[in-house]
Every structure is written in structure tokens, then in C-alpha cells.
Amino acid sequence: MAPKDRKPHVSRNPDLIRGVGKYSRSKMYHKRGLWAIKAKNGGAFPKHEKQAAAAAPAEKPPKFYPADDVKKPLVNKRKARPTKLRASITPGTVLIILAGRFKGKRVVFLKQLTSGLLLVTGPFKINGVPLRRVNQSYVIATSTKVDISGVNVEKFDDKYFGKKVEKKKKKGEGEFFEAEKEEKNVLPQDKKDDQKTVDAALIAAIEAVPDLKSYLGARFSLKAGMKPHELVF
Amino acid sequence: MPFKRYVEIGRIALVNYGKDYGKLVVIVDVIDQNRALVDAPDMVRGQINFKRLTLTDIKIDIKRVPNKKTLVAALEAADVKNKWESSSWGRKLIVQKKRASLNDFDRFKIMLAKIKKAGVVRQELAKLKKETTA
């Protein structure tokens, strides 16, 4: 058969326990149809002749043999992938941030970035949290969801949030203490516009649900009698 | 103070410990001084220690160890579910369950509602106070 899409081969010999198959060698011979293949080929299993080994390029003997055995590092087949997202966190979930300057704020989850961090927004107008990255471990996922279908978050990735690389100025003696570093980090206007576009659709969805706006504007705190391990979020 | 709730065949009890915690069961037989045979529509009939039961006021009319069909019919006839859910004990349990299952958003909404209600009550009180002093 021409090598088309072959399904991965399933064993015809189910395990009774690990290491012990259900069928004996002779039964398996019959099951695999080797008798039929042999019959079709006139009594012997069809062979193909060995492909002539391609002539390996002539290797020069090495100049240097190390005195002790050089250890080879173990093979590592792991692939880098973003942190596994908790099942309770889906786009549109309201999250409670637990650490940092926005601790206690209830915030809307947009998407997971390739670094594994969660892209999140206040919305800014409601609670002052801008488009921001936050780590999954510092977040409680509530079961409240916001409709996020009107929001386009394709353009945001980790590079968007990286620190801006400044061009190094040449060192000048007298210019060391000048007004170079005085300009504070002003948010560029395009980032402010991005915030506005993302929030516009979100705020419309939020205002559709009664009390959700004031909910997102309020901070979460533990009160007397609240037992976190018994609370349902 | 005489006893009012007796262990008898047909007494409805609440399981207060173990795998069937919180279920309403019917005592269908008494095994010995400490154990009873109990049955409920959603469980397999089995023995349970009296210490794991809290007796209720409700009693139904059944013979000793009825089969499941008869038991369910008797429970329907006596309307145990509604009697339980309208009793103050039953209502309290329902409220406890509801409170335990509240979402963070639900808790927020309840807080707003409480504040609103307190505001209305306070207004009425102020009005009444004004009337009495006037």
C-alpha cells in the first residue's frame, strides 16, 4: 500500500496482564494473516532487497582523544509550553487578584499569553486596572463570567508588555546629571487607545448585567466569619 | 418534660453523621438497643446507629420493613417532603445550604440588598421618631 495516512497500529493481542498476551505465538501468526501473505507470495514471506547503503563521507580520524570518558548529557525531549490553565479560568471569567498593587480587585480575564501569564483588564474605567499581565497563581477564579465575544485581543502578546529598550547615549562627562532621566514614563497614546477599544465592548457587556459594574469596582476582602476553604467562589 | 419524639417504625429521622449526612430517612425496623434499619427513596436500606440519627416530628404509617415501592408510596401519601420543607427546622437547613453555595457575586448582591433594606428601615424609624416627638 502506498504510505497514505496510516492509522497508528493497534495490537491484535490484548494484554491479560502486563507482559502476558491473550493469544499464543501460533494463534497470532494466524491472526496477522502471515499465512495468507505467504500464500500470495508463493510460500515465502515477501522480501525486498537491502538498499545499498549510501557511501558515508570518509571520516578523518580525530586529532585528539580525551583521556577520560566524556559524559554525554541525557536526552531532554521536553517542549516549552504555557502553564496549564485551570479549568475554572475561561475567557470572560471574573478573577480576584491576590497580590500586588491591585490586590483584592475583581478583574476580567481576556486570554492566556504564550508565556503562560494571564492577560487581564479592569476594565480601566471601572476599577483602575489597565491591560495587564498577571500570574495564574496569584488569582482566584470566580464562577462569574462576562460576555467577551465583542472584544478583539489578537494583537496583545508578551512583547507588547515588555520594557522599552532605550537607545544608549554616548557617555559625556558634563551630561551625566542633566535632564535626560527626568522624563517620567509617559504612557504612549496608542496604548491608551488600545485600552479604550478593549474596554468599550467589555463595558457594554458588563452594564447589561445588573450590579456587575459596582461588583467589579469593589475590592474583595475577607470579613469576619468567612472561611476561605468553605467559600464558593 | 416527657419525651415527644419516639423511635418507632415510620419515624422520619435526619442523618447527622456519615456518608448519608443530611438525608431524611425512615426507621423501618429496630435491630437492637443501638441500631435501626433505615430506608429512604434514594438509598439502599441499611443499618445505622441511633447516635447518627436525629428524630423529627414527622411520622408515617407503614408496616415493619415495607418494600421500596410501598415505602415511597407511603412517603408520598404523607407528603413528608413538603411537611419537612415548610417546618422551621427544614427551612433553616435550606437557608444554610443556600448560603453555603453562594457565589462571590451573589454575596456582593446580598450585601447591597442588606444595605438597602437597612436604609429603608432606618428611614421609617426616623419618620416614626419624628411623629412621636412632634
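The exercises below, each with a worked solution, concern a predicted model with contacts between chain A and chain B.

**Exercise 1. The interface**

Task: Find how many residues of chain A and of chain B are in contact, and describe the side of chain A that touches chain B.

Solution: 
- Start with the contacts: 18 residues of chain A are in contact with 10 residues of chain B.
- Then take the area. The two chains bury about 980 Å² between them, and 57% of this is on carbon and sulfur atoms.
- Next, look at single residues. Asp211(A), Tyr215(A) and Val232(A) supply 46% of the area that chain A buries against chain B, more than any other three residues.
- Count the polar links: 4 residue pairs are in polar contact between the chains.
- Locate the elements. Strand E7 (139-145) and helix H5 (212-217) of chain A each give at least two residues to the side that touches chain B.
- Finally, sort the residues of that side of chain A: 11 are nonpolar, 4 polar and 3 charged.

**Exercise 2. A salt bridge between the chains**

Task: Identify which residues form the salt bridge between chain A and chain B.

Solution: 
- The count between the two chains is 1 salt bridge.
- Its partners are Arg106(A) and Asp104(B), with the closest N and O atoms 3.1 Å apart.
- A cut-off of 4 Å applies to such a pair, so the distance of 3.1 Å qualifies.
- Salt bridges with shared partners join Arg106(A), Asp104(B) and Arg107(B) into one network.

**Exercise 3. Salt bridges within a helix**

Task: For Lys127(B) and Glu124(B), find where the two residues lie and how far apart the closest N and O atoms are.

Solution: 
- Lys127(B) and Glu124(B) are both in helix H4 (residues 104-133) of chain B; because they are 3 residues apart, about one helical turn separates them.
- Their closest N and O atoms are 3.2 Å apart, in a salt bridge.
- Lys127(B) is partly exposed, at 47% relative accessible area, and Glu124(B) is partly exposed at 41%.
- Now take helix H2 (residues 80-86) of chain B, where Glu85(B) and Lys81(B) lie 4 residues apart, about one turn. These two residues also form a salt bridge, at 3.4 Å between the closest N and O atoms.
- Glu85(B) is partly exposed at 32%, whereas Lys81(B) is exposed at 59%.

**Exercise 4. An aromatic pair**

Task: Classify the ring pair of Tyr160(A) and Phe161(A).

Solution: 
- A pair of rings is described by the distance of the centres and the angle of the planes.
- Here the centres are 5.0 Å apart and the planes stand at 75 degrees.
- An angle over 60 degrees counts as edge-to-face, so this pair is edge-to-face.
- Both Tyr160(A) and Phe161(A) are buried.

How values were computed
Residues are numbered from 1 along each chain as its sequence is written. Chains are lettered from A and ligands numbered from 1 in the order in which they are written. This is a predicted model: local features need pLDDT of at least 70, side-chain atom pairs count only at pLDDT 80 or more; totals for chains, interfaces and linings use all residues. Side-chain values use heavy atoms; hydrogens and water are left out. Contact means heavy atoms within 4.5 Å. Buried area is the accessible area (1.4 Å probe) that two parts lose on being put together, summed over both. A salt bridge is a side-chain nitrogen of Lys or Arg within 4 Å of a carboxyl oxygen of Asp or Glu. A polar contact is a pair of N or O atoms within 3.5 Å; within protein, one must be able to donate a hydrogen and the other to accept it, and residues adjacent in sequence count only if both atoms are side-chain atoms. Ala, Val, Leu, Ile, Met, Phe, Trp, Tyr, Cys and Pro count as nonpolar, Asp, Glu, Lys and Arg as charged, and the others, Gly among them, as polar. Rings of Phe, Tyr and Trp (its six-membered ring) pair if their centres lie within 6.5 Å; planes under 30 degrees apart count as stacked, over 60 as edge-to-face and the rest as tilted. Buried means under 20% relative accessible area, exposed over 50%, partly exposed in between (1.4 Å probe, protein chains only).
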